[in-house]
Amino acid sequence: MRVTSFARAVAATLVVLALLALPAPPPSLAQSRRQAPAPESPQKKNKRPDQTEQTGEEPPPKETVQDPAEVVKVTSSLVNVEAVVINKRTKQIVTGLKRENFAIFEDNVKQDITNFSTPEAPITVAMVLEYSNLLNNYLRSDYYEPGRYEILRPMAYFLSQFIKPPDDYVSVVAYDMRATPITDFTNDPQRINQVVNIMLRARPVSNEANLFDALKLVLVGGKADSVVLEESKSRTTEYGGMVAIQGRRKAVFLVSTGVDTFSKINYDQARRVAQDAGIPIYIIGVGNMFLKKYGDYLPPTDGLLGSTTPGRMTLLQAQNTLSTFAKETGGEYFPITFEGELNSALQSINALMRNQYSLGYNPGERRDGKKHKIVVKVDVDGDGTLDEKDFIVKARQFYNAPKPDKKGDE
């Protein structure tokens, strides 16, 4: 693939945005501080974020990822918690909080907060896009428009408006039957525009949509198709997951119908991977107009002969899947029915990402293999009383402790 010049890439991006006909954005959920774009820094290949970048904190202990045949487990001496505080009455995000304003409880036992960083720290985002014929041909909202436009609109707008080089990093992974990294983590404006261009020109080729496998790859890494923009001669390569990045605030931005057709891991395993990673997943749900238009005409379940259109229960379960991923990781789910809702949802996702507080506590040497409930509470005014009635704290909900070793240690 021949790399275009930066000027041509920028021009092509403008054409993309015009083609997708994005309306002007409405007021956001909360206005976050925006950094002026830095001059481009051309690079032949991606470089991952500097893992020593942080706001006055030492990087947390390195996580160890164990990948058995069926279930991925992420073990660490530090439990990381990304938290966003929202005023229940005004729905505005609360900023300016300090370590002493937070309290973390595990199974109703208060934990000492050992790590803390404010929303001033740069952010690293993994964008995951469903790019299959399931949406392009069958679940599209508009008969006269390819379904992939529902994916391209939020992708193009988010990459062009909310990723701010040189401090922010983004990786883009598209999935159908396989998850394919379009670019590894990068802060190069030229490369980001190349992603928009290649996704516009490409066309889906498979009816499969393996969401669970894609999330596993993005969160914990593994072998995947070679990164498209690196022109690798090898068909596959090792892709580093989000859990391997230390010392930076992290988030996953998923655009998907929520349908999984053929993944190697099941829903429960994918859910545990997301719980263990502890990274907020912000989700744009697409295909909702199709469900509202034609849901009553669909059979209750998928066809026994492999019908290309999922049944009504599959589509409803897909929405529940996306909602669960978002809720349990401390993210947010935005089911988009009409195009006019998109910009408001993207503004809200950006505001939530930009105002994440990074907390951490040490769970000790516990090895019971059990799921432990995490609750984050906040004392906004600092009077010593937790403000549970007036404020919502979005944060991960579970910590899965490692199992005892083979020697039977408790």
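Reader: What does K377 count as at 21% relative accessibility?

Author: Buried means under 20% relative accessible area, exposed means over 50%, and partly exposed lies in between (1.4 Å probe, protein chains only). At 21%, K377 counts as partly exposed. The model is predicted, so local features need pLDDT of at least 70 and side-chain atom pairs count only at pLDDT 80 or more, while totals for chains, interfaces and linings use all residues. Residues are numbered from 1 along each chain as its sequence is written, and side-chain values use heavy atoms, with hydrogens and water left out.

Reader: With which residue does K377 form a salt bridge?

Author: A salt bridge is a side-chain nitrogen of Lys or Arg within 4 Å of a carboxyl oxygen of Asp or Glu. K377 has E388 as its partner, and their closest N and O atoms are 3.4 Å apart. The two belong to distant parts of the chain: K377 lies in strand β16, and E388, eleven residues away, lies in the loop between β16 (371-378) and β17. Helices (H or I, at least four residues) and strands (E, at least two) are DSSP runs, numbered from the N terminus. E388 is partly exposed, at 45% relative accessibility.

Reader: How many salt bridges does the structure hold?

Author: There are ten. One of them joins the side chains of D168 and R354, at 2.6 Å from N to O. D168 sits in the loop between α3 (149-161) and β8 (169-175), R354 sits in helix α9 (residues 342-354), and they are 186 residues apart. D168 is buried, with a relative accessible area of 1%; R354 is also buried, at 15%.

Reader: Which side chain meets K394 in a salt bridge?

Author: That of E332, at 2.7 Å from N to O. This pair too links distant parts of the chain, K394 being in strand β17 (residues 391-394) and E332 in strand β14 (residues 332-335), 62 residues apart. K394 is partly exposed, at 23%. Elsewhere, E145, R153 and E339 are linked in a network of salt bridges.

Reader: In what order do the four strands of the open sheet stand?

Author: Strands of a sheet pair through backbone hydrogen bonds, either parallel or antiparallel. Two strands count as paired if DSSP finds at least two bridges between them. Here the order is β6-β15-β3-β17, with antiparallel pairing. β6 (113-117) and β17 are the edges: each has a single partner strand, so one side of each lacks a neighbour in the sheet. From one strand to the next, the twist averages 30 degrees; axes are lines fitted to C-alpha atoms, for helices over the stretch in contact, and angles between N-to-C directions run from 0 to 180 degrees. β6 pairs with strand β15 (residues 357-361) over four bridges, and I113 has Y361 as its bridge partner in β15.

Reader: Why is strand β13 largely enclosed by the rest of the structure?

Author: Five of the five residues of β13 (residues 281-285) are buried, so the rest of the structure largely encloses this strand. I281, I283 and G285 are buried on one side, and Y282 and I284 are buried on the other. With strand β12 (residues 249-256), β13 pairs in the parallel sense over five bridges; V252 stands opposite I281. Between β12 and β13 the chain passes through helix α6 (residues 267-277), and this β-α-β crossover is right-handed, meaning that, with the strands pointing away from the viewer, the path from the first strand over the helix to the second runs clockwise. β13 also pairs with β14 in the parallel sense, over four bridges, where G285 has P335 as its bridge partner.
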